Amino acid sequence: MPSTLIEVRRSYTADEEVAIIDAVHGALVAAFKIPAKDRHSRLAVFEPHRMVNGLEPGVADAYTRVTIDCFAGRSIEAKRNLYREIVERLEALGIPRDGVSILLRESAVENWGAGGRAASDYDLGFDVDV
């Protein structure tokens with residue numbers, strides 16, 4: 001049940017935006033072994049002057065920030081695979097590897113809730129310890 005936020009500093013077509021979301025989600029499926037239908041992703045497009053990343057404000061570029069909130073418990077190898085999968089899939093869409101920043105934030109399963117219940121109280125449908 002990872003929750004993903006993808007932030008970009010330039011405009012893309014609707015089809016390109018969907019492809020970016022699909023690429024990051026595909027990386028999560030491959031590296032973290034989550035079900036393909038477990039999709040919780042958003043893409044935020046910022047005017048270049050509203051998202052400064054050490055570059056000159058106001059200049060559109062391919063900088064892409066991927067923030068993933070997820071349950072704790074994945075191995076370092078699974079995380080390395082995730083980072084690699086994300087940059088490779090985005091690179092195939094024309095986003096350079098060195099323009100991709102990834103932040104993985106982990107929380108204990110009992111710190112997530114849905115439907116009024118803690119995630120630790122129901123079957124997630126996938127293993128976290130990959």
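Q: Contact means heavy atoms within 4.5 Å. With that settled, which residues does Thr64 touch, not counting residues up to four places away in sequence?

A: This is a predicted model, and in it Thr64 touches Ile6, Glu7, Val8, Leu90, Ile95, Gly99, Val100 and Ser101.

Q: Where does Thr64 sit?

A: Thr64 is in strand E3, which covers residues 64-71.

Q: And is Thr64 buried or exposed?

A: Thr64 counts as buried, because its relative accessibility is 0% and the cut-off for buried is under 20%.

Q: What about Arg65, buried or partly exposed?

A: Arg65 is in strand E3 too, but with 25% relative accessibility Arg65 counts as partly exposed.

Q: Which residues is Arg65 in contact with, leaving aside neighbours within four places in sequence?

A: Leu5, Ile6, Glu7, Met51, Ser101 and Leu103.

Q: OK, zooming out. How many helices and strands does the protein have?

A: There are two helices and six strands. Reading from the N terminus, the order is β-α-β-β-α-β-β-β.

Q: How does the radius of gyration compare with the globule rule?

A: The radius of gyration is 15 Å, close to the 14 Å that the rule gives for 130 residues, so the protein is as compact as a globular protein of that length.

Q: What box do the C-alpha atoms fill?

A: Roughly 45 × 30 × 25 Å, taken along the principal axes.

Q: What share of the residues counts as buried?

A: 38% of the 130 residues.

Q: And among contacts between residues at least 6 apart in sequence, what share joins residues at least 24 apart?

A: That comes to 76%.

Q: Let's do the helices. At what angle do the axes of H1 and H2 cross?

A: Roughly 155°, with the axes of H1 (residues 14-32) and H2 (residues 76-91) coming within 8 Å.

Q: Are they roughly parallel or antiparallel?

A: H1 and H2 are roughly antiparallel to each other, because the angle of roughly 155° is over the 145 degrees needed for that label.

Q: Left-handed or right-handed crossing?

A: H1 passes H2 in a right-handed crossing.

Q: Which residues make that contact?

A: From H1 you have Ile20, Ala23, Val24, Gly26, Ala27, Leu28, Ala30, Ala31 and Phe32. The H2 side has Ala78, Lys79, Asn81, Leu82, Glu85, Ile86, Arg89 and Leu90.

Q: How does that split by class?

A: Twelve are nonpolar, two polar and three charged.

Q: Ile21 next. Which residues does Ile21 touch, not counting those up to four places away in sequence?

A: Ile21 is in H1, and the residues it touches are Ile6, Arg39, Ser41 and Leu43.

Q: How far is Ile21 from Leu43 by C-alpha atoms?

A: 7.0 Å, and the two are 22 residues apart along the chain.

Q: Buried or exposed, that Ile21?

A: Ile21 counts as buried, because its relative accessibility of 18% falls under the 20% cut-off.

Q: Moving past the end of H1, where is Lys33?

A: In the loop between H1 and strand E2 (41-45). Lys33 is exposed, with a relative accessible area of 53%.

Q: What's the phi of Lys33?

A: Near 60°, a positive value in a residue other than glycine. Most residues other than glycine have a negative phi.

Q: Which loop holds Arg9?

A: Arg9 is in the loop between strand E1 (3-8) and H1. Arg9 counts as buried, at 0% relative accessibility.

Q: How far from Ala62 is Arg9 in space?

A: 6.6 Å from C-alpha to C-alpha, although they're 53 residues apart in sequence.

Q: Last one, Arg105. Which strand is that in?

A: Arg105 is in strand E4, residues 100-107. With a relative accessible area of 40%, Arg105 is partly exposed.

Q: And which residues does Arg105 touch, beyond those up to four places away in sequence?

A: Thr67, Ile68, Asp69 and Cys70. As for Ser75, its C-alpha is 14 Å from that of Arg105, at 30 residues apart in sequence.

Notes:
Residues numbered from 1 in each chain as written. Predicted model: local features only at pLDDT ≥ 70, side-chain atom pairs only at ≥ 80, totals over all residues. Heavy atoms only, no water. Axes fitted to C-alpha atoms, helices over the stretch in contact; angles between N-to-C directions. Helix = DSSP H or I, 4+ residues; strand = E, 2+ residues; numbered from the N terminus. Parallel < 35°, antiparallel > 145°, perpendicular 65-115°, else oblique. Left-handed = near helix turned anticlockwise from the far one by under 90°. Nonpolar A, V, L, I, M, F, W, Y, C, P; charged D, E, K, R; others polar. Rg over C-alpha atoms; globule rule 2.2 N^0.38 Å. Buried < 20%, exposed > 50% of the residue type's maximum accessible area, 1.4 Å probe, protein only.
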